[in-house]
Amino acid sequence: MQDFHLIRVDNALPFLLALEDAGAPVEALAEATGLPLTAVRQSPDGVIGEFALWQFIERGAEQSGRPLLGFEVAEAFPLRPDHTLGSLPLRLGKTLEHTLERFCEDVTRLSSGSYYSLDQRSGECWFRRVPALGGQANSWQAELYVSSMVLQIIRLHTAKDWLPPALRLSTSDKRKLPRQWAGLSVEWDCAATGILLPTEVLALPPRAGYTSNRRREGRPNRLTFRELVTTQLEAGKTGIEGASRQCGMSVSTLQRRLRASGTSYQQLLEETRLELARSLLQNTTQPLGEIAAQLGYGHLGNFSRAFSRMTGQSPSAYRRGS
């Protein structure tokens, strides 16, 4: 399925907490940017549109007077001792190069909206993040946050205060930088955010106290639009208009992309409803009326007819047979 620029919900939680602590009007900000706040609060394992999240963060940073919000959140929610970054298991390698290669592979579990790579050419190596949204949707806070988190990963192999020789930022206008980055050589208005890595740094093993993790998990699949529909359904607020707004595209563009993938919003919604209905009927004793309401059906009869049409059984018969 085509890339719809999605991100896992648990990436939003640190920013939501930070903005709430700062007294920002998060309800109004979410309404203005299309961020599904109910999903963020209730479905930490879910998937939402990345466009809406970073617009929410950008406006929140502006309204709360925190131009370095992305950096502040990265510092306030650092990598944990068990080597996890949000829902991403951080697989330390034998060398920094190996760790960053693994990170570039695995980061799609957190976000499908950007492209990460180690770019080695002309005797130089750059860790690169190409923001897929681009243009006006490009986020300064995202650049701050990702750069700071990647620096934390690098520092697991180098000194705890290590800084790169040079930094590239895709922001067109020069912004205030964290004082901790004072003296950095910074190039602005680049095609991608980049961190310069000297060759000798790439070969460093993890620092004392950190160990490489040889256990390999299956390569993660890219996030799918179906997961966003599931999150909508679990939060009780479905609709293609909200989904398109989250992804930063018009309804017609989203419909066209879904058609190109051989599906439609309504088809995905029905399939997801059926999957959740089966699970609830098999694994809970919830009354049918409650299940119908949870799945977004206005009346039990509507749920029964839809379920029977898709399965050839009534919900009650399906439950008895399971």
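Predicted model: local features only at pLDDT ≥ 70, side-chain atom pairs only at ≥ 80, totals over all residues.
Is R128 buried, partly exposed or exposed?

Residues are numbered from 1 along each chain as its sequence is written, and side-chain values use heavy atoms, with hydrogens and water left out.

**Exercise 1. Classify R128, then look at its partner D119.**

Step 1: Get the cut-offs. Buried means under 20% relative accessible area, exposed means over 50%, and partly exposed is in between (1.4 Å probe, protein chains only).
Step 2: R128 has a relative accessible area of 23%, so R128 is partly exposed.
Step 3: D119 comes in at 15%, so D119 is buried.
Step 4: D119 and R128 form a salt bridge at 3.9 Å, N to O. (That term needs a side-chain nitrogen of Lys or Arg within 4 Å of a carboxyl oxygen of Asp or Glu.)
Step 5: D119 also has a salt bridge with R121, at 3.0 Å. R121 is exposed, with 57%.

**Exercise 2. Explain what the salt bridge between D106 and R91 ties together.**

Step 1: The closest N and O atoms of D106 and R91 are 2.6 Å apart.
Step 2: D106 sits in helix α6 (residues 96-106), while R91 is in the loop between β4 (88-89) and α6, so the bridge links parts that are 15 residues apart in sequence. (Helices are DSSP runs of H or I, at least four residues; strands are runs of E, at least two; both are numbered from the N terminus.)
Step 3: D106 has 7% relative accessibility and counts as buried. R91 is buried too, at 4%.

**Exercise 3. Find which residues touch the most other members of the largest nonpolar core.**

Step 1: Know the term. A nonpolar core is a set of buried Ala, Val, Leu, Ile, Met, Phe, Trp, Tyr and Cys residues joined through side-chain atoms within 4.5 Å.
Step 2: The largest one has 58 residues, and F56, L100, F127, I154 and L197 touch the most other members.
Step 3: Helix α7 (residues 140-155) gives the most to this core, with ten residues.
Step 4: Zoom in on F127. Leaving aside neighbours within four places in sequence, its contacts (heavy atoms within 4.5 Å) include L100, F103, Y116 and L197.
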